[in-house]
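User: I am new to this structure and would like to learn how to read it. Could we go through some features one at a time?

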Amino acid sequence: MEVSVIGSSQGQIWRTGLGYRDFRFCFAKKDESSSILSRKTNRVCFMGQSTRWKNSRLRFAVKSRKAEPVLASKPSSRPKSLGGSRLFVGLPLDVVSDCNTINHKRAISAGLQALKLLGVEGVEMPVWWGMVEKEANGKYEWSAYLALAEMVQKLGLKLRVSLCFHASKQPKISLPNWVIQISESQPDIFYTDRSGQHYQECLSLAVDELAILNGKTPIQVYQEFCESFKYTFSSFLGCTITGISMGLGPDGELRYPSHHRAAKSSHGVGEFQCFDKNMLNLLKQHAEATGNPLWGLGGPHDAASYDQSPSSNNFFKDHGGSWETPYGDFFLSWYSSQLISHGNRLLSLASSTFSDTAVSIYGKILLMHSWNRTRSHPSELTAGFYNTVNRDGYEAVAEMFSRNSCKMILPGMDLSDEHQPLESLSSPESLIAQIRTACRKHRVEVSGENLDSRAPAGFEQIRKNFSGENLMDSFTYQRMGAFFFSPEHFPSFTEFVRNLNQPELHCDDLPQEEEVVSQTPNLSSDSNIHMQAA
């Protein structure tokens, strides 16, 4: 079988000895209707983001090959992955609509079939708190996610589920309506910066154990959500669903939202998020307990703001900065320990809830690599990781994951030092190496992700991160959508998969070097893929 992008200068991009399919992929723009424009058999088309893409499609065409028997001890149809790691692809963040239906269902189905044929292990499915428990506490609507899990199961793909207890700006996915209503009278359930601005896309860790959600704590609400998911998807757990990622904060990551108001082009240090009344109460209690009550009146007054450099204020200065003073150590130790305690509460909840199932539990951390060539590592400090030239801030994080028998999702595997702006003093490669060292020490398995599908030389860097002793539990490529299947991207992804996965073919499937006979198959209109006899 050949996979080609028709209408593209790329030409043939992949081949194997299977059957024939013809899929057409396009996804709607945000301001356009998501109605299906083409319903021809085996073709699904939506308005796309590129005029080139409107006329592009993937073609799967049979090439019948003569083969001669070869000796094989135990033929296997399972692809071999580099280093034994399994490859997943993330589904679109808005794969389920606000009306609880599968967005672009036919295109998603065709995309899943294409991934299956490429040899991908499975897909990652984001499950949003704000969609499932939208209208009232304890009222869950799982139907669209169940339908999606069934689609994945029928194709023989595996499924990793990300439980998202945060909101998203792009695409717009909110917290549950009933939580938003509570926040209108209690805005301090959200993180707050020094200027009093609230971050309204997830709850502050300071309310984890406060009964602010109709008499329940957020931890209790999250646990009930997980138990409902477990009951509803029980028939999938351990077979189709092999992993569950527990949401830990903004964008599902273990971190503070320290850069949420920074300009996109900015390389600023971010801001501490400890100025809501609940965080300040915790800080005050800690200061009084350590005999320094004046240190509990607020966060650092001399720290830089979102878009500023470390040297613009005194706190983060490389030499003589407040971060190296006894007060600096007091505050940063408290700030980071609160984040680790929050992560421990949530991972412990997930581990105990799913302990009697055959699924792995994951948690995702942040790769905050800006300014990590400085002594103070200011962007990591504001995000909650007390990591400086004198202190390893990831040892305690890895130990917490190990304590809960959880695996760590580490993004940024596609980023290289040479493509970072010089002024940001950034080194994603050294930070990844540091975190992986901490994980090896505490025997925590790492699962990789990319940050940007457009990262320069991203595939090459991902392969580099698989090499040598850099073993990973799995890798999830983010994510499906219009650009993913575009002629500008999909051929490169296909080549990447081919380099990672070299399938062990049955002896009858092995081609001779020179004899290739091309045939045009006659296919029935059903969705099954038929083998063409040699």
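User: Where does F316 lie?

Analyst: A note before the answer: this is a predicted model. F316 lies in the loop between α7 (277-289) and α8.

User: Is F316 buried or exposed?

Analyst: The general idea is to look at relative accessible area, where buried means under 20%. F316 has a relative accessible area of 1%, so F316 is buried.

User: Which residues does F316 touch, not counting residues up to four places away in sequence?

Analyst: Leaving out those sequence neighbours, F316 touches V269, F272, A303, A304, P310, W323, S376, P378, L381 and T382. Distance along the chain and distance in space can also be read together. F316 and S379 are 63 residues apart in sequence, and their C-alpha atoms are 9.6 Å apart in space.

User: How many helices and strands does the protein chain have?

Analyst: The secondary structure of the protein chain comes to 13 helices and 19 strands. As for contacts, consider those between residues at least 6 apart in sequence: 76% of them join residues at least 24 apart.

User: What share of the 534 residues in the protein chain is buried?

Analyst: Buried residues make up 54% of the 534. The protein chain exposes about 23,000 Å², with carbon and sulfur atoms supplying 47% of that area.

User: Which residues in the largest nonpolar core touch the most other members?

Analyst: The core has 130 residues, and M246, F401 and F493 touch the most other members. Helix α8 (residues 326-353) gives the most to this core, with 12 residues. Apart from neighbours within four places in sequence, M246 is in contact with L163, F165, Y222, C226, G252, L346, L347, L349, A350, Y362 and G363.

User: How do I read the buried side of a helix? Which residues of helix α12 (residues 458-466) are buried?

Analyst: The idea is to list the buried residues and then view them along the helix axis. In α12 the buried residues are G458, F459, Q461, I462, N465 and F466. Seen down the axis of α12, they fall within an arc of 160°, so they line one face of the helix.

User: What covers the buried residues of α12?

Analyst: The cover includes α11, β17 (474-477) and α13.

User: Now for charged side chains. How many salt bridges are there?

Analyst: Side chains of opposite charge can pair when their charged atoms come close. Here the count comes to 20 salt bridges. In one of them, the side chains of D98 and K134 meet at 3.0 Å, N to O. D98 is in the loop between β7 (86-90) and α2 (105-118), while K134 is in the loop between α3 (129-132) and α4 (143-154); the pair links distant parts of the chain, 36 residues apart. D98 is exposed, with a relative accessible area of 54%.

User: Which parts does the salt bridge between R373 and D417 tie together?

Analyst: The side chains of R373 and D417 meet at 3.5 Å, N to O. R373 lies in the loop between β14 (360-365) and α9 (378-383) and D417 in the loop between β15 (407-410) and α11 (428-441), so the pair ties together parts that are 44 residues apart in sequence. R373 counts as exposed at 51% relative accessibility, whereas D417 is partly exposed at 22%.

User: What separates E495 and R498 in helix α13 (residues 490-500)?

Analyst: These two side chains form a salt bridge at 2.7 Å, N to O. E495 and R498 are 3 residues apart in helix α13, which means about one helical turn separates them. E495 is partly exposed, with a relative accessible area of 30%, and R498 is partly exposed at 35%. Elsewhere, salt bridges that share partners join R86, R160, K407, E445 and D473 into one network.

User: How many disulfides does the structure hold?

Analyst: The structure holds 0 disulfides.

User: One last residue. Where does Q420 lie, and is Q420 buried or exposed?

Analyst: Q420 lies in the loop between β15 and α11. Its relative accessible area is 15%, so Q420 is buried. Leaving aside neighbours within four places in sequence, Q420 is in contact with H369, L415, S426 and P428.

Methods: Residues numbered from 1 in each chain as written. Predicted model: local features only at pLDDT ≥ 70, side-chain atom pairs only at ≥ 80, totals over all residues. Heavy atoms only, no water. Core = buried A, V, L, I, M, F, W, Y, C linked by side-chain atoms within 4.5 Å. Buried < 20%, exposed > 50% of the residue type's maximum accessible area, 1.4 Å probe, protein only. Helix = DSSP H or I, 4+ residues; strand = E, 2+ residues; numbered from the N terminus. Contact = heavy atoms within 4.5 Å. Areas by Shrake-Rupley, 256 points an atom, 1.4 Å probe, with all protein chains shown as cover. Salt bridge = Lys/Arg side-chain N within 4 Å of Asp/Glu carboxyl O. Disulfide = S-S within 2.5 Å. Arc of directions from axis to C-beta.
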